[in-house]
Amino acid sequence: MLIFVIRRIGTMALTMLVVSILLFLLLELQPGNVAIKVLGPYSSEEQRNLWLEANGYFEPVYQRYLSWLLNFVTGDFGESVRFKVPVGEILWPRLANTGILAAATLAVVVPISLLLGVLAGMREGSKLDRTISVGSIITTSIPEFASAPLLGAIFVFWLGWLPGTSGMIDGFDITQLILPVMVLALYDFGYVTRMTRASMAEVMMTHYIRTAVLKGLPYRVVIMKHALRNALIAPFTVIMLQINWLLSGVIVVEFFFAYKGFGALLLEASLNQDIFMIEACAMVAVFVAVATQTIADLGYTYLNPRIRFS
């Protein structure tokens, strides 16, 4: 187990290194473009050269990359072109806001989807199974850019129960989280439910489950002790993948509800060509992606000790 953890950490580091090289080649290889994005298109050639010299862009490429990478490792992401402050002062609060939104969404999605998926998989082909499956397909087929205005029209303009924006101008307000969480949960829970249902149905058809039932074990014991643990392997993977989506894939929801999160920040940085903010957001997103996959792999060994990694 320890060797596996070390290998996974090494894989994480290697992945981050490769991504950092690609990101550097894509955004930092041509210093002139960087100077234009930072100083603006109307800056003079002399101003750009002075800025490039002051920031070490006339050094050899490998020295620039090592310096750039060292700054990232130490948390120095540069200064935001749009906000005129260090990138970290904007990035970390926005990342924390998206973390709150993601945690609230998972707190709703995980228990509901696992419960419905297990119930459907236990009785494959029943009316309950068909009802849950159809409901899951319907909700998953409605994208966020359609459900957000629909739910907003219902709960904001028609019923008047909830605020239409989630800017948190006067501080944290849990009521402003309800609509964004509702939109994300509505789209996400159907997918996890379907995966859980398929995994549970497959486990229920295995020989050891049939043997346990034929031996006269209580059905509750068969489900909780033997079936559920193996059935959760696939949904666990899906849930871990949803963390990546909830980090950078919620741009539509955050922008629609004016929520100051990571996804909205990435969109703002792209629209304003905030090169250092884009680099920081990309590296953070990749780190979260590889970290969640490592956690998923470790979860395999807990849910099913028979799995061994070589």
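The domain assignment of the protein, a predicted model, gives domain 1, covering residues 16-76, and domain 2, covering residues 89-303; such bounds come from an automatic or database domain assignment. Residues are numbered from 1 along each chain as its sequence is written. Local features need pLDDT of at least 70 and side-chain atom pairs count only at pLDDT 80 or more, while totals for chains, interfaces and linings use all residues, and side-chain values use heavy atoms, with hydrogens and water left out.

The protein contains 14 helices and zero strands, where helices (H or I, at least four residues) and strands (E, at least two) are DSSP runs numbered from the N terminus. Its C-alpha atoms fill a box of roughly 85 × 60 × 30 Å, taken along the principal axes, and the centres of domain 1 and domain 2, taken over C-alpha atoms, are separated by 37 Å.

Where the two domains meet, 13 residues of domain 1 are in contact with 11 residues of domain 2, contact meaning heavy atoms within 4.5 Å. Domain 1 and domain 2 bury about 1100 Å² between them, 84% of it on carbon and sulfur atoms; this buried area is the accessible area (1.4 Å probe) that two parts lose on being put together, summed over both. Two or more residues each are given to the side of domain 1 that touches domain 2 by α1 (2-27), α2 (31-39) and α4 (61-73), and the largest share, five residues, comes from α1. By class, this side of domain 1 has 10 nonpolar, one polar and two charged residues, with Ala, Val, Leu, Ile, Met, Phe, Trp, Tyr, Cys and Pro counted as nonpolar, Asp, Glu, Lys and Arg as charged, and the others, Gly among them, as polar.

Between domain 1 and domain 2 there are zero salt bridges, a salt bridge being a side-chain nitrogen of Lys or Arg within 4 Å of a carboxyl oxygen of Asp or Glu. Elsewhere, the side chains of Glu45 and Arg48 meet in a salt bridge (3.9 Å, N to O); being three residues apart in helix α3 (residues 45-54), Glu45 and Arg48 are separated by about one helical turn.

A search of the whole structure finds 10 aromatic pairs, in which rings of Phe, Tyr and Trp (its six-membered ring) have centres within 6.5 Å, with planes under 30 degrees apart counted as stacked, over 60 as edge-to-face and the rest as tilted. The rings of Tyr187 and Trp245 have their centres 5.7 Å apart and their planes at 40 degrees, so this pair is tilted. The pair links distant parts of the chain, since Tyr187 lies in helix α8 (residues 175-204) and Trp245 in helix α11 (residues 233-248), 58 residues apart.
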